[in-house]
Amino acid sequence: MFVEPAIENIIFNYSEFLMAPTNLIIAPLFLFTLFSLVRVQEGVEDSGKYPIVVSTWPFLEAVRAAWEAVDKGFNAVDAVVEGCSACEELRCDGTVGPGGSPDENGETTIDALLMNGATMEVGAVASMRYVKDGIKAARLVMQHTKHTMLVGERASIFAISMGLPGPTNLSSSESMEKWTRWKENNCQPNFRKNVVPVDSCGPYQPKDNLGHNKGICSEANSIGTIESRTCLVGTHSHDTISMAVIDKMGHVAVGTSTNGATFKISGRVGDGPIAGSAAYADDGVGACGATGDGDIMMRFLPCYQVVESMRQGMEPELAAKDAISRIARKFPDFMGAVVAINKDGVHAGACHGWTFQYSVRSPDMDDVKVFTVLP
């Protein structure tokens, strides 16, 4: 058993302490305190539960990168940055990092979030142009500003001024080809509603009569039925990486990175950089990550809901299902998922509208393991 030198000194001096007869009365209390110190030390060194890495989707290399960092002794925040950075470099599924998800103008932009569950500090960037390192930019916001989020071109200027490479064209030949095909299809489907024209690339104007000229994806009507978005949202158009890490000391951090929804209206910000929506962490409880239709999900702050439910005693599986069911009751056609992990390392996922997979690496695993969750 490993014992700190300071505790060794206490044990050595205990014999001298007992030599004084008047100290025999308080000796039992001394022994109890000493035993508690040794137990605490054992908990730090030999907990067996930590570290642990959890991520949305089978982003195996990202989880391996985070695991390698945290297993070497990196703290949870830095391990999250390593994992999400790996996904950005690999352009996971084309929905993370540069080169994917063009907006209406053909441009790729980045959303990212980093949250420290020990201090509750958050750094985020949204609709960031010209800088490919989203999660590192989020860390710079956390470390070097008193703000929570920076957006748009000003976020890019800040990130570059703090040492990140740029300006860089975030588009790729693949993203531009996808955008060109979309333009040739009269910009369909798109995220516009209640506008005219409905079958071309604009310019758009609000339509006078909401009962006419319904667009391809619009199902809204006068009695308030919520429109279907299934033609806009799919597994490969909303694959945010949302990662949680618990480090060897039991501290929790989460991070996200995404290039957002494909063919989004320029300037759109999804749930990826929103604390409580795509991710949330609290050292005393655990963490949550989310992915899916961010425009819908951010209205419910599902990850905040998951963590608060776990705080009240819910197991991760029930907390995850509860958060998803709250959204599904209002938006029965939405697609999304959450993954929850509590401070004991117990994890679970829940989803709606698609089959969801999440990845885990823990001390009892030889490599990353992928878990499948059915709707």
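This is a tour of one predicted model, selection by selection.

Residues are numbered from 1 along each chain as its sequence is written. Because the model is predicted, local features need pLDDT of at least 70 and side-chain atom pairs count only at pLDDT 80 or more, while totals for chains, interfaces and linings use all residues; side-chain values use heavy atoms, with hydrogens and water left out.

**Whole protein.** Start with everything shown as cartoon. The protein has 10 helices and 14 strands, taken as DSSP runs (helices H or I, at least four residues; strands E, at least two) and numbered from the N terminus. Of its 375 residues, 51% count as buried, that is, under 20% relative accessible area with a 1.4 Å probe and protein chains only (exposed is over 50%, partly exposed in between). Contact here means heavy atoms within 4.5 Å. Among contacts between residues at least 6 apart in sequence, 62% join residues at least 24 apart.

**Cores.** Next select Met243, Val245, Val338 and Phe356, the residues with the most contacts inside the largest nonpolar core, which has 87 residues. A nonpolar core is a set of buried Ala, Val, Leu, Ile, Met, Phe, Trp, Tyr and Cys residues joined through side-chain atoms within 4.5 Å. Helix α4 (residues 76–90) gives the largest share of this core, seven residues. Another core, of six residues, lies apart from it and includes Cys187, Val195, Tyr204 and Phe263.

**Val338 and Ala337.** Centre on Val338. Leaving aside neighbours within four places in sequence, its contacts include Cys288, Met297, Pro302, Val306, Ala320 and Ala348. Now move to Ala337, in strand β11 (residues 336–342). Ala337 is buried, with a relative accessible area of 0%. Val373 is 36 residues from Ala337 in sequence and 9.1 Å away in space, C-alpha to C-alpha.

**α9 and α10.** Finally select residues 302–311 (α9) and 316–330 (α10), which pack at an angle of about 140° with axes 9 Å apart. Axes are lines fitted to C-alpha atoms, for helices over the stretch in contact, and angles run from 0 to 180 degrees between N-to-C directions. The two helices are therefore oblique to each other, as angles under 35 degrees count as roughly parallel, over 145 as roughly antiparallel, 65 to 115 as roughly perpendicular and the rest as oblique. Show side chains for the contact: Pro302, Gln305, Val306, Ser309 and Met310 of α9 against Pro316, Ala319, Ala320, Asp322, Ala323, Arg326 and Ile327 of α10.
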